[in-house]
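This briefing covers ligand contacts and helix packing. The structure comes first, then the notes.

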Amino acid sequence: MAEFATLQDIVLAAKRKLSPTNWDYLTGGSDSETTLKRNRAALDSIAFRPRVFRDVSQADASREYLGQKFSIPVFMAPIGSLTLLDPGGALSVAKAAAKSEVMSMVSTVSMPGIEATAEGSDGYLVFQLYVRGDMDWVDGIMDRVKAADYKAVTITVDTASYSRRERDLVNRLVKREPGKWAALGGIDPLRERRHQAKLTWDLIARIKDRTRLPVIVKGIATPEDAKLALEHGADVIYVSNHGGRQLDHGLGSIQVLPEIVEAVGGKAEVFVDGGFVRGSDVLKAIALGATAVGIAKLQGWALAAGGEAGLARAIELIHEEIRVCMMLLGITSLDELDGSYLHPTQPVTPPHPLSAFPLFMEKHKW
Ligand SMILES: Cc1cc2nc3c(=O)[nH]c(=O)nc-3n(C[C@H](O)[C@H](O)[C@H](O)COP(=O)(O)O)c2cc1C
C-alpha cells in the first residue's frame with residue numbers, strides 16, 4: 001500500500017472504486033447537510049500557535065485510555081454497512097486497527113457479526129449497541145458481547161429516529177448484506193429500528209450491570225446531557241453528531257467540545273468525532289481536552305480504496321501527520337497540548353466533507 005503516498009491518494013482511489021450510490025451512502029449527511037459541513041467549518045475555524053526551538057526529536061503520539069496504551073489518539077468509529085465498502089466488513093477494520101495498535105468500535109449492524117469479528121482479530125474491540133429488540137433482546141446481545149471478550153460497550157444515543165438521508169433516498173439505496181438478520185438473532189434490523197425511540201438514561205445501568213464493562217455514551221452534544229450521562233454512570237462521554245448524518249442544523253462537534261469537557265470536569269474520558277480527517281484536526285481536539293478522536297468517513301474511504309491494507313496505510317499516514325504536526329507545534333507529548341496552542345480564525349475554503357483534500361476538490365465537486 002506504499003502506492004498511497006498521502007491521504008489524498010486514498011480518497012481519490014475510493015472515489016474511483018465506489019459506485020456513486022455507495023459513495024453517497026458513505027460521504028453524505030442528512031437533510032440539507034448543514035451539520036455535515038459545520039463539522040468541517042468548525043475545525044477550519046481553529047488555527048495553531050506554534051512554539052519553536054525546543055528539542056522535539058522524541059515526539060511520541062501514543063495515548064492511554066480505557067486502561068490501554070494506543071499508538072495514536074485515534075480510533076475507528078462504528079460504521080454499519082461496512083460490506084458495501086469492503087467484503088471483509090468489520091473484520092477488515094478490526095485487523096487493520098489491531099496491526100496499527102488503535103481501538104476499533106464494532107457496530108451492531110456491521111457484518112460479519114459479533115463473534116466472527118472478535119474471533120478473527122486480536123485487537124482492542126468495543127461493541128457499539130443499536131437497540132433492535134426488547135430488553136430481553138438487549139440482554140442476549142450483551143451476553144454475546146461479554147462472551148466474545150469485547151472490552152467496553154458504546155451506546156449510541158443520537159438515533160431516536162433514523163434520519164432522512166436524501167442522497168440515499170434519491171438513489172433508492174437498498175443495503176444488501178447477506179447474513180445480517182441471522183447475525184442479529186433472526187430479526188430485520190431496518191424494521192426493528194423503532195425500539196431505539198423508547199430508550200432512556202436507565203439503559204446505561206442495565207448494560208453495566210449485565211456486562212460489568214465500561215460504558216461509552218456516543219452522541220452527546222450538550223453539557224446538560226454530558227452531566228446526565230455521568231450521573232447515570234457513563235465511563236466515557238463521546239461527543240458526536242453522527243458525522244452530520246442524524247440531526248441537521250447542529251453545531252460542529254469541535255465547537256461543542258470545550259463546554260462539554262468543562263462540564264465533565266475530568267470525571268470521565270471524552271471522545272469526539274465529526275469531520276476529523278487529518279493529523280492536525282486530531283491535535284486540535286486533544287488541545288481542547290479530548291482524550292481520543294474517532295474517524296468514520298476516512299476509515300470508509302481507506303477501506304474502499306484498499307481493504308484492510310488500505311486502512312492500515314491510512315492509519316500510518318495519519319500517525320505520520322500527527323508526528324510532524326507535533327514537532328512543528330514544539331511538543332513531544334500529547335499531554336503538553338492545551339488551548340494556548342490554538343487561535344480562532346476564518347476558514348480558507350467553503351466547508352465540505354472533503355475540503356481538507358484540495359487535490360480531490362480540484363478534480364471532483366462531490
Ligand atoms: C457510513 C457510516 C455508517 C455509520 N454507521 C454507524 C453505526 O452503525 N453506529 C454508530 O454509532 N455510528 C455510525 N456512524 C457514525 C460514525 O460512527 C461517526 O459518529 C461519524 O461518522 C463521525 O464523523 P466522520 O464520518 O466525519 O468521521 C456511521 C457513519 C458513517 C459514515
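A polar contact is a pair of N or O atoms within 3.5 Å; within protein, one must be able to donate a hydrogen and the other to accept it, and residues adjacent in sequence count only if both atoms are side-chain atoms. This is a predicted model, in which local features need pLDDT of at least 70 and side-chain atom pairs count only at pLDDT 80 or more, while totals for chains, interfaces and linings use all residues. Residues are numbered from 1 along each chain as its sequence is written, and side-chain values use heavy atoms, without hydrogens and water.

**Ligand**
- A polar side-chain atom of Asp-273 is 2.6 Å from a ligand oxygen atom.
- For Ser-107, a side-chain N or O atom lies 2.8 Å from an oxygen atom of the ligand.
- Ala-296 has a polar backbone atom 3.0 Å from a ligand oxygen atom.

**Helices α12 and α13**
- Helix α12 (residues 279–287) packs on helix α13 (residues 297–329) at about 60°, with the axes 8 Å apart; axes are lines fitted to C-alpha atoms, for helices over the stretch in contact, and angles run from 0 to 180 degrees between N-to-C directions.
- Helices are DSSP runs (H or I, at least four residues), numbered from the N terminus.
- The contact (heavy atoms within 4.5 Å) involves Gly-279, Ser-280, Val-282 and Leu-283 of α12, and residues of α13 including Ile-318 and Glu-321.

**Helices α1 and α13**
- The axes of helix α1 (residues 7–17) and α13 cross at roughly 170° and come within 9 Å.
- Therefore α1 is roughly antiparallel to α13 (angles over 145 degrees).

Key
Helix = DSSP H or I, 4+ residues; strand = E, 2+ residues; numbered from the N terminus. Parallel < 35°, antiparallel > 145°, perpendicular 65-115°, else oblique.
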